[in-house]
Amino acid sequence: NSLGSVIALTAYTGDFPGGRRSDRGRLRGLCMFNCGVGMNSRGLSRDPQLSTVQRVLIEGLLTLLDVLIFNNRILLKYVLDEVVTRELL
């Protein structure tokens with residue numbers, strides 16, 4: 001969900017013109033930051049082209065999603081225990 005993540009994965013896999021997949025053996029691991037859902041969404045509300053009303057509505061919607069989904073331990077536990085499988089990860 002971010003350009004940095006795409007670049008890191010592309011560099012790791014060698015999936016670019018002139019890239020060699022055989023170089024992957026030199027890496028022991030790949031660590032990616034800022035890959036969580038919604039981590040960059042709040043920046044949208046700071047767009048100078050938006051009116052004050054639009055900014056308030058966007059911030060309100062993102063806060064509501066945080067409360068209903070991302071801060072909902074019961075829902076997250078259910079998803080992690082019942083929906084996500086080892087194969088899916």
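Which residues is Leu30 in contact with, leaving aside its neighbours within four places in sequence? The contacts are Ala8, Leu9 and Tyr12. Keep that answer in mind, and start with the whole chain.

The model is predicted. Its confidence score, pLDDT, averages 76 over the chain. Of the residues, 72% score at least 70. Confidence is lowest in helix α1, with a mean of 73. It is highest in α2, with a mean of 89. Read the details below with those scores in mind.

Now the overall plan. The chain contains three helices and zero strands. Following the sequence, the pattern reads α-α-α. Helix α1 covers residues 3-13. Helix α2 covers 52-70, and α3 covers 73-83. The chain has 89 residues, and 8% of them count as buried. The exposed surface comes to about 7,700 Å². Carbon and sulfur atoms supply 61% of that surface.

Return to Leu30. This residue is found in the loop between α1 and α2. Leu30 counts as partly exposed because its relative accessibility is 39%, between the 20% and 50% cut-offs. Tyr12, one of its contacts, is 18 residues away in sequence. In space, the C-alpha atoms of Leu30 and Tyr12 are 7.6 Å apart. Here the loop residue Leu30 touches Ala8 and Leu9 as well as Tyr12.

Move along to Ser45. This residue also sits in the loop between α1 and α2. Is Ser45 buried or exposed? Ser45 counts as buried, because its relative accessibility is 6% and the cut-off for buried is under 20%. Its side chain makes a polar contact of 2.4 Å with the side chain of Glu59. Setting aside neighbours within four places in sequence, Ser45 is in contact with Leu50, Arg55, Ile58 and Glu59.

Beyond residues up to four places away in sequence, Ile58 touches Leu44, Ser45 and Leu50. Compare its position with that of Arg46. Ile58 and Arg46 are twelve residues apart in sequence. Their C-alpha atoms are 9.7 Å apart in space.

Next, turn to the surface. A nonpolar patch lies there, with about 870 Å² of accessible area together. Its members are Leu61, Leu64, Leu65, Val67, Leu68, Ile69, Phe70, Leu75, Tyr78 and Val83. Which helix gives the most to the patch? Helix α2 does, with seven residues. Both α2 and α3 supply at least two residues each. Look at Phe70, one of the patch members. Phe70 is found in helix α2. Its relative accessibility is 37%, so Phe70 counts as partly exposed. Patch members need over 30% relative accessible area, and Phe70 has 37%.

Finally, look at charge. The structure holds one salt bridge. Which residue forms a salt bridge with Asp81? The partner is Lys77, and the closest N and O atoms are 2.6 Å apart. A salt bridge needs such atoms within 4 Å. Where do the two residues sit relative to each other? Asp81 and Lys77 are four residues apart in helix α3, so about one helical turn separates them. Their accessibility classes can be read from the numbers. Asp81 has a relative accessible area of 45%, so this residue is partly exposed. Lys77 reaches 53% relative accessibility, so this residue counts as exposed. The cut-off for exposed is over 50%.

Key. Residues are numbered from 1 along each chain as its sequence is written. This is a predicted model: local features need pLDDT of at least 70, side-chain atom pairs count only at pLDDT 80 or more; totals for chains, interfaces and linings use all residues. Side-chain values use heavy atoms; hydrogens and water are left out. Buried means under 20% relative accessible area, exposed over 50%, partly exposed in between (1.4 Å probe, protein chains only). Accessible areas come from the Shrake-Rupley method with a 1.4 Å probe; for residues, only the protein chains shown count as cover. Patches are made of residues with over 30% relative accessible area and no salt bridge: like charges are joined within 9 Å, nonpolar side chains (Val, Leu, Ile, Met, Phe, Trp, Tyr) within 5 Å. A salt bridge is a side-chain nitrogen of Lys or Arg within 4 Å of a carboxyl oxygen of Asp or Glu. A polar contact is a pair of N or O atoms within 3.5 Å; within protein, one must be able to donate a hydrogen and the other to accept it, and residues adjacent in sequence count only if both atoms are side-chain atoms. Contact means heavy atoms within 4.5 Å. pLDDT is the predictor's confidence in each residue, from 0 to 100.
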